[in-house]
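Trainee: I am new to this structure. Please take one part and walk me through it closely.

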Amino acid sequence: MSANQVALAYLVASVFFILALKGLSSPVSARRGNVLGMIGMALAGLTTLMIIAGGGLMFIFVAMLIGGSIGTVVARRVQMTQMPELVAAMHSLVGMAAVLIAAAAVNNPAAFGVPDPMPTGNRLELFIGTFVGAITFTGSVIAFGKLAGLGKHFRLFSSAPVVFPGQHWLNLALALTMIGFGVAFFLSPDKAWTPFWIMTGIAFALGVLIIIPIGGADMPVVISMLNSYSGWAAAGIGFSLNNSMLIIAGSLVGSSGAILSYIMCKAMNRAFISVILGGFGAAEGTAAAGAGQQTVRSGSAEDAAFLMANAESVIIVPGYGLAVARAQHAVREMADFLIEKGVRVRYAIHPVAGRMPGHMNVLLAEAEVPYDQVFEMEDINGEFGTTDVALVLGANDVVNPLAYEKGSPIYGMPILDVVKARTVLVNKRSMAAGYAGLDNPLFYMDKTMMVFGDAKKVVEDIVKGLE
Amino acid sequence: MGGTVDPTVINLVVFVLAVFVGYHVIWNVTPALHTPLMSLTNAISSVIIVGAILAAGVEALDLGSTMGLVAVGLASVNVAGGFLVTRRMLEMFRRKERKGDA
């Protein structure tokens, strides 16, 4: 194949990638989009295999077979609640692959059609691709540990922020040192292994240091941010290898992650910079202040069943507590009973209801909840006022009316307007505060009834009550 | 104003245009599919496997090609895992669709 044919094949693959993402604009076209993505990837891979002409082909097939089998097994077995961990693990692989490819490019630029020794322009881009890749790798490993709850085995994986004095200064000093060695690598006339490895080593350390101070509540932002980094790393490698397809694919992924980070920050009312600086969520799990003074009306699952069975419309607000209790299937069963009785049932999803963007939608889809019953926050907030019963399952901060009060720590955070429903049912395990460490006035209102207990147990009891 | 355009400049042109395309395409993705979006973008960023194949595809088995091979393996995990897990999730969204029709 000539260089032009290869470039054209890569162009076609790039178009397939764009169409793949375009398909995700609706659940109907999404599956076709995924297939287009696979076709693009196959085209890119086969074209590349054809141009390397023999050298080491056997080894490459073996590596692909091993990697592909691991990926297939993991994709089949992973639980939907574990998606955030899986995605973090996959980001780390992209990051590490970028570092390895960069090192191989320093070793033998000719293999990539780049002159040996590598021109300074390509070196600058290689430097960027390498350090972003290295930060993505170690950062994602830490994020994976935090998400998988490995904190009790290894302190750096703790979901509580790991902070120490002078942390930000240390990070800044390391970043500057890293850039210094990057410049040394950039200016050097030969292969310059020493500055390359020192710079890469510092980038690995930085990846750990920038993720450890970020608390569990901010993980949806972190995971989106690392998604973005993995794309920029791929784009950086594409620059240094003069490969347009890598640049296009990397940019698509990079902008996707950046947009998701923005959406998550907005939904949590957090400035991106303060998420990055970390330390938030330290008060997680502390008992609500003033809980003793106010009275809470609590009721049984049977009471809840009675209220909902006699309602005209019910909106279910699922939070992460629901997923932890694996209660999605029980909730769907409950909704089926209610629909049978002529009750209009809808679900209201806050953007940070799960542990990653869109997580709750997938968890509900897994429980076979029809997606036309599931509504995003903006689309359903106006409906609470005309709703008889709002059932809050394992959510707290995202329904906290303190968000409307000036001076409260969560003032301005977009919330679900549960407070406007005629009756509010709240299921929680206890009166403990949510991630923000705040008390929730919703729980003390006259129209609110608390149903304490494990979400799955409570919903199953409600189902019994409906029967 | 003579001579050829430096490849880096061409790369920059491609990059800026691709970011614009990405920005517009991603804002059109429905929020319900943000998790599949992440797994799909993960699979797409593994197109970095192209670089890994080039690194591994040289005659001599040395430091560079060994790293290339490892990178091929890592990226393959993502290619297979990313597309398959996305398909698995999207299938879940489809089942409802049929039920809704019935």
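Mentor: Start with Arg355(A), which forms a salt bridge with Glu85(A). The closest N and O atoms of the two are 3.2 Å apart. A salt bridge here is a side-chain nitrogen of Lys or Arg within 4 Å of a carboxyl oxygen of Asp or Glu. The pair links distant parts of the chain, 270 residues apart. Arg355(A) sits in the loop between β2 and α14 of chain A. Glu85(A) belongs to helix α4 (residues 83-107) of chain A. Helices (H or I, at least four residues) and strands (E, at least two) are DSSP runs, numbered from the N terminus. Over all chains, the search finds eight salt bridges.

A word on the source. This is a predicted model, where local features need pLDDT of at least 70 and side-chain atom pairs pLDDT 80 or more, while totals for chains, interfaces and linings use all residues. Residues are numbered from 1 along each chain as written, chains are lettered from A and ligands numbered from 1 in written order, and side-chain values use heavy atoms, without hydrogens and water.

Two strands pair if DSSP finds at least two bridges between them. One bridge joins Tyr347(A) to Val374(A) in β3(A).

Step out to the whole sheet. Six strands form an open, parallel sheet, ordered β3-β2-β1-β4-β5-β6 in chain A. Its edges are β3 (374-376) and β6 (448-452) of chain A, each pairing on one side only. Neighbouring strands are turned by 25 degrees against each other on average, direction ignored. Axes are lines fitted to C-alpha atoms, for helices over the stretch in contact, and angles run from 0 to 180 degrees between N-to-C directions.

Helix α13 (residues 328-340) of chain A lies across β1 (313-318), β2 and β4 (389-393) of chain A. Helix α13 runs at about 145 degrees to β2(A). Contact means heavy atoms within 4.5 Å.

Finally, look at the partner chain. Chain B puts 80 residues in contact with 102 residues of chain A. Across that interface the rule finds zero salt bridges.
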